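Me: I'd like to go through the aromatic contacts in this one. Can you take my questions as they come?

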Amino acid sequence: MRTLFFTVIMAISVLMPAGYSDAQTDTAVNTKIQLETAQKVTFRSKGMNVSALLYTPDDYQQGEKRPAIVFIRPASGVKEQTAGLYAKLMSDRGFVTLAYDPRGFGDSEGVVRQRENPFAVAEDARNAISYLVTLPQVD
């Protein structure tokens, strides 16, 4: 039986690494690196497509099983910002990670746009975990 290890982390912008003196330049560089190493994926939540970035560790070997982490962005953020940065950093440390845009934000579907709904965000997080358990690289 597979062992499941999932941690849902609410990434908060105040946790940015020390030494972030030129945030605008660093953010642009980090976003470029994140997008170059991420795989764009979608999963379904409440009948809508949710857009996500999936990161697999660079040292991943075919057939391996790795622990996974779902990153939820701070209020009204998108996956390419704080959540994506932390997803990339934890992927570099050996985890399969997923950062996503909740329904109604970023690239995800949703009729109502930019309206924060914590219940919908939590439901999207549950569906993100359900999506991850289907991946062969996730333990």
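Predicted model: local features only at pLDDT ≥ 70, side-chain atom pairs only at ≥ 80, totals over all residues.

Me: How many aromatic pairs turn up in the whole structure?

Reply: Two, from a search of the whole structure.

Me: Where do Phe-43 and Tyr-100 lie?

Reply: Phe-43 is in strand β2, residues 39-45, and Tyr-100 is in strand β5, residues 96-100. The pair therefore ties together parts that are 57 residues apart in sequence.

Me: Is Tyr-100 buried or exposed?

Reply: Buried, with a relative accessible area of 0%. Phe-43 is buried too, at 4%.

Me: And what about the rings of Phe-43 and Tyr-131: stacked or edge-to-face?

Reply: Stacked, because the planes are at 20 degrees and the cut-off for stacking is under 30. The centres of Phe-43 and Tyr-131 are 5.9 Å apart.

Me: Which parts does that pair tie together?

Reply: Strand β2, through Phe-43, and helix α3 (residues 118-132), through Tyr-131. Those parts are 88 residues apart in sequence. Tyr-131 is buried, as is Phe-43.

Me: Which residues form the aromatic cluster, then?

Reply: Phe-43, Tyr-100 and Tyr-131 form one cluster.

Me: Switching topic. What sits over the ring of Phe-105?

Reply: The charged end of Arg-73, 4.7 Å from the ring centre.

Key. Residues numbered from 1 in each chain as written. Heavy atoms only, no water. Phe/Tyr/Trp six-rings, centres within 6.5 Å; stacked < 30°, edge-to-face > 60°. Helix = DSSP H or I, 4+ residues; strand = E, 2+ residues; numbered from the N terminus. Buried < 20%, exposed > 50% of the residue type's maximum accessible area, 1.4 Å probe, protein only. Lys NZ or Arg CZ within 6 Å of the ring centre and 35° of its normal.
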